[in-house]
Amino acid sequence: MHTEQHQLRIRISWPAGHLTATIEETPTAQALEKALPLTATAQTWGEEVYFDTGVSVEREAGARQVVDPGTVAFWPDGDALALPFGPTPISRGDECRLASPCNVLGRLDGDPNLLSTVRAGDPIRVERVAD
């Protein structure tokens, strides 16, 4: 059965593990898809992993600064994917508060706490998952 909605599935891998994610169809997702596969150097900021994608997009109307753990977000100010799994240095309580409003792309399929094994400076690879 084929649905009309085009969903992109990606795999994010780093030395200690990997996760897959389901990405909704948005202008940001389309720009990201064209850049895959990509490799980058991981940065961490509190309980968030982020990395440069080389993709430059505008902030979308639905951009949010506070998101759920496991959200796949795109940070337009940094051309970066942001993967929060817990509080950041500017969170209030245990929320995931991003540095500035981010375009929401989708969700990680697995346990976002796996991202705690990413170390700053780790190589990160993002690629399409074949259906």
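This is a predicted model: local features need pLDDT of at least 70, side-chain atom pairs count only at pLDDT 80 or more; totals for chains, interfaces and linings use all residues.

Biologist: Let us begin with helix α1. Which residues of α1 are buried?

Modeller: Helix α1 spans residues 27-35, and Thr28, Ala29 and Leu32 are buried in it. These three cover an arc of only 95 degrees around the axis, so they lie on the same side of α1.

Biologist: And which residues are exposed on the other side of α1?

Modeller: Pro27 and Lys34 are exposed there.

Biologist: What do the buried residues of α1 pack against?

Modeller: They pack against strands β1 (8-14), β2 (17-23), β3 (38-41), β7, β8 (80-84) and β9 (96-108).

Biologist: Turning to the backbone, where is there a cis peptide bond?

Modeller: The cis bond joins leucine 36 and proline 37, with omega at about -10 degrees. Proline 37 belongs to the loop between α1 and β3.

Biologist: Which residue other than glycine has a positive phi?

Modeller: Aspartate 79 has a positive phi, near 50 degrees. This residue sits in the loop between β7 and β8.

Biologist: Why mention these two features at all?

Modeller: Because most residues other than glycine have a negative phi, and most peptide bonds are trans.

Biologist: Is aspartate 79 buried, partly exposed or exposed?

Modeller: Aspartate 79 has a relative accessible area of 23%, so this residue counts as partly exposed. The cut-off for buried is under 20%.

Biologist: Now the aromatic rings. How many aromatic pairs are there?

Modeller: The count is one aromatic pair. Tyrosine 50 and tryptophan 75 form it, with an edge-to-face geometry: 5.9 Å centre to centre and 85 degrees between the planes.

Biologist: What does that pair tie together?

Modeller: Tyrosine 50 is in strand β5 (residues 48-52) and tryptophan 75 is in strand β7 (residues 71-75), so the pair ties together parts that are 25 residues apart in sequence.

Biologist: How accessible are the two partners, tyrosine 50 and tryptophan 75?

Modeller: Tyrosine 50 is partly exposed at 22% relative accessibility, and tryptophan 75 is partly exposed at 23%.

Biologist: Let us change topic. How many salt bridges does the whole structure have?

Modeller: A search of the whole structure finds five. One of them is between glutamate 33 and arginine 128, whose closest N and O atoms are 2.3 Å apart. That pair links distant parts of the chain, since glutamate 33 is in helix α1 and arginine 128 is in strand β10 (residues 123-128), 95 residues apart.

Biologist: What is the relative accessibility of arginine 128?

Modeller: Arginine 128 has 45% and counts as partly exposed.

Biologist: Which residue forms a salt bridge with arginine 59?

Modeller: Arginine 59 meets aspartate 77, at 3.6 Å from N to O. This pair also links distant parts of the chain: arginine 59 is in the loop between β5 and β6 (64-67), and aspartate 77 is in the loop between β7 and β8, 18 residues apart.

Biologist: How accessible are arginine 59 and aspartate 77?

Modeller: Arginine 59 is partly exposed at 43% relative accessibility, whereas aspartate 77 is exposed at 52%.

Biologist: And what about arginine 125, which residue does its side chain meet in a salt bridge?

Modeller: Its partner is glutamate 127, and the N to O distance is 3.0 Å. Glutamate 127 is partly exposed, with a relative accessible area of 22%; arginine 125 is partly exposed too, with 33%.

How values were computed:
Residues are numbered from 1 along each chain as its sequence is written. Side-chain values use heavy atoms; hydrogens and water are left out. Rings of Phe, Tyr and Trp (its six-membered ring) pair if their centres lie within 6.5 Å; planes under 30 degrees apart count as stacked, over 60 as edge-to-face and the rest as tilted. Helices (H or I, at least four residues) and strands (E, at least two) are DSSP runs, numbered from the N terminus. Buried means under 20% relative accessible area, exposed over 50%, partly exposed in between (1.4 Å probe, protein chains only). The arc is that of the directions from the helix axis to the C-beta atoms. Contact means heavy atoms within 4.5 Å. A salt bridge is a side-chain nitrogen of Lys or Arg within 4 Å of a carboxyl oxygen of Asp or Glu.
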